[in-house]
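Please keep the sequence and the model in view while reading.

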Amino acid sequence: MAVLLGTHALQPPKCFDSLKCSETSESSPVCTSTRLVDLFDDQLALVKSVRNTDWLELIRKLNGDGNVFRTSVSLPPPGAVKMRLFGEPRTNCAGLVWDRSQVDLSEAYIWPSGYMAKTEFNLTHKGELVNGRSSALVTIDRLVECNRRGLTTNAETGELQEVADGATMNFNEINWQSSPRLDKVVFAQASQGVQKGIPGQRCL
């Protein structure tokens, strides 16, 4: 389950004033939730689950001097179902969502579901991949197709295969250059998975 905490939630408290409006306003919580549902349905929501111990460092980067920094996110399948996020709800109880249409992925590293890129070990401080991680890269269009078809990486062969009926896909990974200037939404998750901010609609 997830609770959407609001847009710009990592900015100073005054920014929440924009959410205190009528339900007909474009910036209202209702409109924000509706737009997020559309993003998930159209595979436009980039989701990052954050370790509980990593929030202060991430907030420092997001509220920084405008410099870009590399971070990893996942792109859920259509409707944001049947895919687990990175980490466990106990250790990664909240995270962020970005609008993919507002993000520059031209220099992103993208891997399909099930491939363990482990960029924390296989990406240098210069942004270069090591230990063969570049061999499994895919384009964003290919990732969208894999999500739509329910394809995941076979751990033994490295080939893509369809997930079994009723099975849950592992997370995919997109490592990209984020910017503090981009809008984002905060979510909190529980052990049942992530929801799209609307009671009864399960996500991931």
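## Terms and basis

Helices (H or I, at least four residues) and strands (E, at least two) are DSSP runs, numbered from the N terminus. The model is predicted, so that local features need pLDDT of at least 70 and side-chain atom pairs count only at pLDDT 80 or more, whereas totals for chains, interfaces and linings use all residues. Residues are numbered from 1 along each chain as its sequence is written, and side-chain values use heavy atoms, with hydrogens and water left out.

## The largest pocket

A pocket is here an open set of points, on a 1 Å grid over the protein atoms alone, where a 1.4 Å probe fits and where protein lies on both sides within 12 Å along at least five of seven lines; lining residues have an atom within 4 Å of a point. The largest pocket has a volume of about 730 Å³, the volume being the space filled by probe spheres set on the points, which are joined across faces, edges and corners.

Its lining consists of 28 residues, and Lys-48, Arg-51, Thr-71, Ser-72 and Thr-119 lie nearest the centre. Strand 3 (69-73) is among the elements that supply at least two lining residues each, as are strand 2 (45-50) and strand 8 (173-178); strand 3 gives the most, with five residues. By class, the lining holds eleven nonpolar, eight polar and nine charged residues, where Ala, Val, Leu, Ile, Met, Phe, Trp, Tyr, Cys and Pro count as nonpolar, Asp, Glu, Lys and Arg as charged, and the others, Gly among them, as polar.

Strand 3 is largely enclosed by the rest of the structure, because four of its five residues are buried (under 20% relative accessible area with a 1.4 Å probe, protein chains only). Strand 3 and strand 8 run antiparallel and are joined by five bridges; two strands pair if DSSP finds at least two bridges between them.

Thr-71 belongs to strand 3 and is buried, with a relative accessible area of 8%. Its bridge partner in strand 8 is Trp-176, and the side chain of Thr-71 makes a polar contact with that of Lys-48 at 2.8 Å.

## Ile-110

Ile-110 lies in strand 5 (residues 109-111) and is buried, with a relative accessible area of 4%. Ile-110 and Ile-140 are 30 residues apart in sequence, yet 6.9 Å apart in space, C-alpha to C-alpha.

Definitions and conventions. Buried < 20%, exposed > 50% of the residue type's maximum accessible area, 1.4 Å probe, protein only. Polar contact = N/O pair within 3.5 Å; in protein donor to acceptor, adjacent residues only side chain to side chain.
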